Amino acid sequence: MKLLFVEDDRDLLKSLLLYFNEFGYNCEKARTVAEAIDKISLYTYDCIVLDLTLPDGNGLDFLKILQSRKIDVGVIILSANSNLDDKLKGLDLGADDYLVKPFHLSELNSRIKSIIRRKKQGGTSLIEFNEIQINTDALEVRVNNTLIRLTKKEYDLLLYLIFNRNKVVTKSSISEHLWGDFMDQSDSFDSVYSHVKNLKRKLKESGGKDYIKSLYGVGYIFKEE
Amino acid sequence: MKLFTKTALIYGIMLLLTIGIVVTIYLILSADKESTNERSLFIFLIASLIGLVLLSLTQLIIIRKLWSPFYTTLNQLQNPNLEGKKIAVENTTIKEFKALNEALNEFSTRTHEDYLSQKQYAENLSHELLTPLAIIRTKSELLLQMPNLTEEAMLNLDSIIKTVGRLTKVNQALILLSKINNNIFVDKEDIDLKELINESLENFEDQIRKKKLTVRVELEQSVIINSNMNLLRILISNLIKNAVFHNIQEGFIMISLKDHEMIITNSGAPSTKSTDEFFQRFVSEQASENSIGLGLSIIKRICLLFDFPIHYSIENKEHKISIRFKH
């Protein structure tokens with residue numbers, strides 16, 4: 001999977017490249033609109049992560065160029081602005097998603113994965129991890145071919161953990177993923193804990209292995225034992 | 001024309017007129033040879049008095065009229081909603097009033113520009129914080145991925161991550177407040193309050209269940225108000241969030257909506273500060289992990305913007321907020 005990160009801040013860019021390279025993505029960078037245009041002229045990407053405030057222009061201008069050149073690529077906008085108007089403008093111009101700074105790396109990863117899956121022509125809606133099978137069209141989860149009943153939150157949680165497998169996912173990011181801005185940090189952590197507990201129980205009851213490890217209360221990691 | 005000159009001129013004319021009237025009456029009387037000295041003197045006296053009274057009255061009316069540009073300006077200045085508006089002045093030929101109006105206009109323009117740039121400044125600063133916050137968060141999350149981290153290292157990272165979370169929330173609130181001040185939320189539409197309340201309650205379903213809260217709702221059929229959807233949603237959401245998060249285990253929440261007045265009553269920990277202080281200040285009850293101060297600031301600001309009277313009281317560990325949504 002090829003990703004292009006269009007971001008002018010060096011530190012942030014470095015973090016992004018480091019993290020996503022480890023995930024196995026092929027990552028490229030651009031720090032200005034001009035650089036970004038160069039890149040898309042040379043390569044094809046599966047997803048572009050686009051910051052709006054660039055030194056030589058607005059990220060939306062770059063979006064317009066993508067549109068005018070009829071380049072079909074997933075775009076997720078990173079913005080400092082949670083302004084609804086900007087968000088709509090971005091989506092209107094063809095962006096697939098919008099994430100406000102500061103964001104969680106695991107959340108960004110989850111969104112990128114979703115966009116890529118959606119964009120894949122005739123792509124399968126099945127996600128498999130050993131004995132766990134998730135059908136994202138039917139919103140069904142099977143363990144050893146047995147259907148298990150998960151609540152919406154538990155389903156979202158499982159998908160999020162699997163998308164971010166082998167990486168530590170913080171409670172903060174889970175809380176924000178499940179409840180967005182509604183929850184205050186400390187109050188939501190109990191809820192995160194109970195949802196994880198319930199999910200583990202349901203997976204185990206269907207004969208599934210325990211892939212969800214807790215890390216000193218900081219977060220969780222979904223991985224093979 | 002100078003104020004003094006005009007006043008003097010008017011007084012002069014009035015004086016001449018009065019003298020003219022008095023003299024005329026005197027002449028009329030003296031023409032009448034049969035009248036006695038005493039009688040004519042008396043009539044003369046009366047005439048003079050009437051003349052003086054008329055003179056005074058007319059002077060009062062004229063001075064009033066003369067000063068009207070001044071009173072217009074004064075009224076404008078006393079208007080509490082003067083924020084950033086230009087002072088509408090009455091056209092006048094009097095030099096001093098003209099000068100006053102010009103000076104005031106210049107002053108108000110300058111103040112307004114300062115005000116605007118400060119508002120912009122506040123919002124810009126908040127935005128400047130976002131990328132650094134993103135950097136701290138992402139670096140911390142990267143560190144978390146390192147193998148063989150000790151428990152101590154993890155807990156320290158956890159603390160950093162949680163603190164970034166808090167900073168983010170505070171910054172978000174600041175950005176929201178400065179946007180409200182910058183009049184970004186101008187669109188208005190018909191909003192069903194009942195729907196918003198139910199929507200919010202649904203969002204906090206998990207927490208409500210977790211704390212085993214009893215929620216009682218008495219909502220009048222569709223209360224519709226014409227206002228900004230975004231802000232109203234934030235308002236209701238913050239109100240209910242506070243009622244849920246600052247509640248005790250197995251506590252209660254009572255929401256009533258009648259005659260465009262919404263009252264939320266909930267159980268909660270007793271407050272050690274006085275009601276008003278608690279409401280006024282940004283500082284929250286416990287070590288600001290719970291952002292009740294932020295939430296209340298936002299609630300208050302939105303109510304102020306739309307002129308919704310809001311009252312807050314704590315009695316016997318029961319918190320009560322009432323808001324009147326005027327049509």
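Which residue in β5(B) is the bridge partner of B:Ile253? The partner is B:Asn266. The model is a predicted one. This briefing takes the sheet in chain B, then the overall build of chain A.

**Sheet in chain B**
- Five strands of chain B form an open sheet with mixed pairing, in the order β2-β4-β5-β7-β6.
- Its edge strands are β2 (214–219) and β6 (310–315) of chain B, each of which pairs on one side only.
- Between neighbouring strands of this sheet the average turn is 10 degrees, with direction ignored.
- Within chain B, β4 (residues 252–258) and β5 (residues 261–267) are antiparallel partners, joined over six bridges.
- The pair B:Ile253 and B:Asn266 are bridge partners, the latter lying in β5(B).

**Helix on the sheet**
- Helix α7 of chain B, residues 229–245, lies across β4, β5 and β7 (318–324) of chain B.
- Relative to β5(B), helix α7 of chain B runs at about 20 degrees.

**Chain A: content and dimensions**
- Chain A contains eight helices and 14 strands.
- The C-alpha trace of chain A spans about 55 × 40 × 30 Å along its principal axes.

**Chain A: burial, contacts and surface**
- Buried residues make up 53% of the 225 in chain A.
- Among contacts in chain A with a separation of 6 or more, 58% come from residues 24 or more positions apart.

Key. Residues are numbered from 1 along each chain as its sequence is written. Chains are lettered from A and ligands numbered from 1 in the order in which they are written. This is a predicted model: local features need pLDDT of at least 70, side-chain atom pairs count only at pLDDT 80 or more; totals for chains, interfaces and linings use all residues. Side-chain values use heavy atoms; hydrogens and water are left out. Two strands pair if DSSP finds at least two bridges between them. Helices (H or I, at least four residues) and strands (E, at least two) are DSSP runs, numbered from the N terminus. Axes are lines fitted to C-alpha atoms, for helices over the stretch in contact, and angles run from 0 to 180 degrees between N-to-C directions. Contact means heavy atoms within 4.5 Å. Buried means under 20% relative accessible area, exposed over 50%, partly exposed in between (1.4 Å probe, protein chains only).
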